[in-house]
Amino acid sequence: MRISVEVADITTLDVDVIVNAANSSLLGGSGVDGAIHRAAGPGLLEECRHIRSTQLPDGLPTGQAVATAGYDLPASWVIHTVGPNRHAGQDDPYLLESAFRNSLDLAAQIGAHTIAFPAISAGAYGWDMEEVARIAVDTVRSWGDSSDSCTTLMSAIFAVTSDEVRAIFEGELYGL
């Protein structure tokens, strides 16, 4: 799998899947979650409400993932995943790894070729960017190395917000 890092607005990327660093309610929020909901339009919120009422009445658990349509986004799909919130005492790296891995598994299940990730759990959820980058890169790389050769998923992009964050992710990706 080809892995790259771009300073980009994830809502504008021409990929099959963008990953939403969602909260468990799936009903939008701040940061990446709010930006994706705004860019996707009202259909996304309507589908998320339907998922909550039919499949996930207690919300999406931390580390798990669920897919919706992309609506007004260039991406065909949005995979919502809940990263761990360090401020709430969720400091187990396995939970963060699970958010990335389960998103990849779901993208492969829906037949995606390309996927873009934000820095899940960094920012408002209090995880250190270096730790997020290490876990993200390691998880995506190991998933790509061990995934079934029949998977259609060929490319993963880390969509980051600044050159500084890009340097952190590239440091992990290229061993700099």
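Biologist: Which residue forms a salt bridge with Asp 163?

Modeller: The general idea comes first: a salt bridge is a side-chain nitrogen of Lys or Arg within 4 Å of a carboxyl oxygen of Asp or Glu. Here Asp 163 pairs up with Arg 166, and their closest N and O atoms are 3.3 Å apart. Both sit in helix H5 (residues 163-174), three residues apart, which is about one turn of the helix. Helices (H or I, at least four residues) and strands (E, at least two) are DSSP runs, numbered from the N terminus.

Biologist: Which residues do salt bridges with shared partners join into one network?

Modeller: That would be Arg 86, Glu 131 and Arg 134. Before we go on, this is a predicted model, where local features need pLDDT of at least 70 and side-chain atom pairs count only at pLDDT 80 or more, while totals for chains, interfaces and linings use all residues. Residues are numbered from 1 along each chain as its sequence is written, and side-chain values use heavy atoms, with hydrogens and water left out.

Biologist: Okay, how many salt bridges are there in the whole structure?

Modeller: A search finds four. In one of them, the side chains of Arg 86 and Glu 131 meet at 3.1 Å, N to O. Arg 86 is in the loop between strand E4 (77-81) and helix H3 (93-109), and Glu 131 is in helix H4 (residues 129-146), so this pair ties together parts 45 residues apart in sequence. Glu 131 also bridges to Arg 134, with the closest N and O atoms 3.9 Å apart. Those two are three residues apart in H4, so about one helical turn separates them.

Biologist: Is Glu 131 buried or exposed?

Modeller: We go by relative accessible area: buried is under 20%, exposed is over 50%, and partly exposed is in between (1.4 Å probe, protein chains only). Glu 131 has 19%, so it's buried. Arg 86, at 28%, is partly exposed, and Arg 134 is partly exposed at 36%.

Biologist: Why is strand E6 largely enclosed by the rest of the structure?

Modeller: Six of the six residues of E6 (residues 155-160) are buried, so the strand is largely enclosed. Ser 155, Ile 157 and Ala 159 point one way, while Ala 156, Phe 158 and Val 160 point the other.

Biologist: Which strand pairs with E6 over six bridges?

Modeller: Two strands pair if DSSP finds at least two bridges between them. Strand E1 (residues 2-7) pairs with E6 in the parallel sense over six bridges, and Glu 6 has Ala 159 as its bridge partner in E6. Strand E5 (residues 114-117) also runs parallel to E6, joined by four bridges, with Phe 117 opposite Phe 158.
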